[in-house]
Amino acid sequence: MLTAHQIDLVQHSFAMILPLTDQAAAEFYRRLFALAPDTRPLFGNDMEAQGRKLFLTLATVVDALDRLDAVVPVARELAIRHIGYGAKPHHYEAVGSALIETLRGGLGSGFDRDTEAAWGAAYAILSGTMLAAARQTSH
């Protein structure tokens, strides 16, 4: 469970990165493909459109962090779609690392230890929910 302060930190830092959406998305995918090269074939060639989808999804989740009951169905649906795309359980760790590294690089001093910990906690909830849904779906 996230604290109100953690939710504020995630939402505030996400608002700060939004003006850099295109650059941040490109950096995220660069980092993801470096960390997990086997994810590259899972994406089409229009990475700008993919980046916009990424940030729309993040915006939905970040906006609803204070209503986790609203996030869980979205996360489950995402997980099921990602199985169809070929996502594997080990990809979730690479995605989390790429996200944190991208935020750290894009926000600089605005991404302090508390903010990083809040993003880590939020991603742990999201990825844990998605992994559980993926396991249920594949059985």
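Predicted model: local features only at pLDDT ≥ 70, side-chain atom pairs only at ≥ 80, totals over all residues.
Local features need pLDDT of at least 70 and side-chain atom pairs count only at pLDDT 80 or more, while totals for chains, interfaces and linings use all residues. Residues are numbered from 1 along each chain as its sequence is written, and side-chain values use heavy atoms, with hydrogens and water left out.

Me: Is Thr102 buried or exposed?
Reply: Thr102 belongs to helix 5 (residues 91-107); helices are DSSP runs (H or I) of at least four residues, numbered from the N terminus. Buried means under 20% relative accessible area, exposed over 50% and partly exposed in between, with a 1.4 Å probe and protein chains only. The relative accessible area of Thr102 is 6%, so this residue is buried.

Me: Why is the pair of Tyr29 and Phe33 tilted?
Reply: The whole structure holds six aromatic pairs. Rings of Phe, Tyr and Trp (its six-membered ring) pair if their centres lie within 6.5 Å; planes under 30 degrees apart count as stacked, over 60 as edge-to-face and the rest as tilted. For Tyr29 and Phe33 the centres are 5.9 Å apart, and the pair is tilted because the planes stand at 35 degrees.

Me: Which parts does the pair of Phe33 and Phe43 tie together?
Reply: This tilted pair has 5.6 Å from centre to centre and 55 degrees between the planes. Both Phe33 and Phe43 are buried. Phe33 lies in helix 2 and Phe43 in the loop between helix 2 and helix 3 (47-63), so the pair ties together parts 10 residues apart in sequence: helix 2 and that loop.

Methods: Helix = DSSP H or I, 4+ residues; strand = E, 2+ residues; numbered from the N terminus.
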